[in-house]
Amino acid sequence: MKRIAIDMDEVMADAVTEHLARYNQDHNERITKDDLQGKWLWDVVSVDRHAALESYLRSDDFFDVLHVMPEAQRVIEALQSRYDVFIATAAMEVPTSFMSKYRWLAKHFPFIPASHIVFCGNKSILRADYLIDDNPRQLKRFEGEGIIYTSPHNIHVNGYRRVNDWLDVEKMFLG
Ligand SMILES: [Mg+2]
């Protein structure tokens with residue numbers, strides 16, 4: 001079986017929506033996903049507010065409330081019948097997130113065994129045939145084929161096969 005590694009934030013979990021909501025509420029702003037085309041949230045928020053951006057990610061309940069990307073559960077479960085599926089999240093970027101990320105996966109993806117969840121930093125360590133990820137930095141150093149999952153920040157990135165949603169993933173791997 002070929003092995004697929006799947007990123008969590010912005011691929012399985014809609015983190016940007018919650019991040020924007022918390023930031024906007026506390027700072028009385030109205031930044032939307034449309035403002036993030038080709039940019040990270042960090043690029044549009046002034047430097048003096050970056051600590052606040054970090055603090056939302058570190059808060060205990062941040063990951064717990066994230067919505068699942070549409071169709072992710074159904075498609076990932078289907079992928080498991082034809083591929084060896086691993087979840088690979090750069091959890092080291094927010095070490096306080098381990099428990100809540102694990103809880104979130106157990107709640108929404110109970111069919112993914114703990115043995116197939118990888119909390120990592122640099123994803124070049126992964127040995128998989130494919131990595132589905134929104135982050136070009138991780139795709140670049142991955143040794144298999146990187147598949148870019150569309151997120152506002154990466155819309156101008158080329159050089160990878162691209163999926164816009166989980167229906168695209170289904171077509172690519174199960175079609
Ligand atoms: Mg991600």
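Predicted model: local features only at pLDDT ≥ 70, side-chain atom pairs only at ≥ 80, totals over all residues.
Local features need pLDDT of at least 70 and side-chain atom pairs count only at pLDDT 80 or more, while totals for chains, interfaces and linings use all residues. Residues are numbered from 1 along each chain as its sequence is written, and side-chain values use heavy atoms, with hydrogens and water left out.

**The annotated residues**

- An unreviewed UniProt entry gives the annotation "active site" to D7 and D9, although such annotations may be inferred rather than shown by experiment.
- D7 lies in the loop between β1 (3–6) and β2 (13–14), and D9 is found in the loop between β1 and β2, where strands are DSSP runs (E) of at least two residues, numbered from the N terminus.

- D7 is buried, with a relative accessible area of 5%, where buried means under 20% for a 1.4 Å probe and protein chains only.
- The side chains of D7 and K123 are joined by a polar contact of 3.0 Å, which is a pair of N or O atoms within 3.5 Å, one able to donate a hydrogen and the other to accept it.
- Beyond its neighbours within four places in sequence, D9 is in contact (heavy atoms within 4.5 Å) with A15, F63, L66, K101 and D134.

Methods: Helix = DSSP H or I, 4+ residues; strand = E, 2+ residues; numbered from the N terminus. Buried < 20%, exposed > 50% of the residue type's maximum accessible area, 1.4 Å probe, protein only.
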